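New notebook page. I'm going through this one piece by piece and jotting down what I look up.

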Amino acid sequence: MGKGAVGEKRGEGVKIVAISGATGGIGRALARAYAKPGVMLLLAGRRLDVLTDTKAFCERLGAKVEIDAYDVRDEAATVRWCRKAAALGAVRLILAAGVSASVEEVRNHADEAAYYLPERMDDLKRELDVNAVANILACNAFVRAVMQSNTNGRSKVHVQVAIVASLAALTGLPGSPGYSASKAALRVFGEAMRQLTKDRNIGITVLCPGFIESDMSRRYQGAKPWLMNADEGARKMKAAIESEKAEYAFPRILAFGIGLLNLLPRCLQPLFLKGFFFTVKPDHESASTKW
């Protein structure tokens with residue numbers, strides 16, 4: 001665990017918001033959206049330098065900030081941070097960690113049509129480990145800790161957990177089957193957890209954003225309709241969390257279109273999905289893998 005660990009519960013009147021994945025574009029934007037006097041931010045992410053910069057920015061906006069640097073794939077560190085957030089009395093937990101990859105183009109000769117292999121094995125495992133497993137374990141650990149610390153498992157104050165999925169959770173995108181699957185897993189897990197905790201004063205919001213400006217979206221090679229800057233996207237997501245929405249998919253026109261797509265016969269769906277085919281430029285970790 002990185003710097004910023006504490007051992008005592010904060011006083012009344014301070015709203016504690018815990019954000020995992022706070023070194024990514026969406027996570028940083030959500031930290032900025034919540035930063036103000038009377039708020040304590042618990043920020044976690046892999047890059048200490050980015051956390052330090054975000055901490056300084058949010059403190060200038062009046063928030064108190066504590067940071068922890070670790071890889072969300074470190075299960076022990078993830079569980080430890082979530083238990084700390086619960087012990088301190090966090091009323092918001094936002095799980096925003098995510099990575100992306102895509103299918104791999106194969107072209108034997110310049111004049112031959114390309115075909116695509118599924119994601120490389122290491123890329124696929126990383127998508128599942130970060131996007132699905134790490135976020136699901138974090139939500140599970142936090143909710144267990146909150147429930148175990150209260151009589152009859154019912155939180156004394158309302159707690160809202162937000163899981164950042166994607167519009168890719170609403171349908172399978174052939175450009176990245178693993179990414180779609182990892183985000184769909186979050187959506188279904190959120191649905192189940194919501195039913196489990198609905199009488200325990202714990203709410204679950206699943207966020208399904210479309211294209212948000214970030215390092216990840218800049219690696220995306222394909223059409224990006226209704227691309228939104230990170231701060232605007234964060235404001236919309238914060239509003240959905242604070243209004244305790246069960247699910248919030250946006251932009252609405254894109255979410256509506258995907259909903260209609262799922263009503264079409266399966267034989268017609270590829271005709272419409274063709275316009276959303278994409279590939280993703282490898283990031284540093286992906287580029288270092290071999291297969």
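This is a predicted model: local features need pLDDT of at least 70, side-chain atom pairs count only at pLDDT 80 or more; totals for chains, interfaces and linings use all residues.

Starting with a cysteine: I looked up Cys58 and found it buried, since its relative accessible area is 0% and buried means under 20%.

Next I checked Cys139. Cys139 is in no disulfide. The nearest cysteine sulfur belongs to Cys82 and sits 8.5 Å away, while a disulfide needs two cysteine sulfur atoms within 2.5 Å. Cys139 also counts as buried, because its relative accessibility is 0%. How many disulfides does the count come to? I get zero by this rule.

Then I moved to helix α1, which covers residues 25-34. I wrote down the buried ones: Gly25, Ile26, Gly27, Ala29, Leu30, Ala31 and Tyr34.

Ala29 is buried, with a relative accessible area of 1%.

Last stop, the surface. Which residues form a positive patch there? I found Arg235, Lys236, Lys245 and Arg252. I followed up on Arg252, which lies in helix α8, residues 252-261. Arg252 counts as exposed because its relative accessibility is 64%, and the cut-off for exposed is over 50%.

Methods:
Residues are numbered from 1 along each chain as its sequence is written. Side-chain values use heavy atoms; hydrogens and water are left out. Patches are made of residues with over 30% relative accessible area and no salt bridge: like charges are joined within 9 Å, nonpolar side chains (Val, Leu, Ile, Met, Phe, Trp, Tyr) within 5 Å. Accessible areas come from the Shrake-Rupley method with a 1.4 Å probe; for residues, only the protein chains shown count as cover. A salt bridge is a side-chain nitrogen of Lys or Arg within 4 Å of a carboxyl oxygen of Asp or Glu. Lys and Arg count as positive and Asp and Glu as negative; His and the chain ends are not counted. The place of a charge is taken as NZ of Lys, CZ of Arg, CG of Asp or CD of Glu. Helices (H or I, at least four residues) and strands (E, at least two) are DSSP runs, numbered from the N terminus. Buried means under 20% relative accessible area, exposed over 50%, partly exposed in between (1.4 Å probe, protein chains only).
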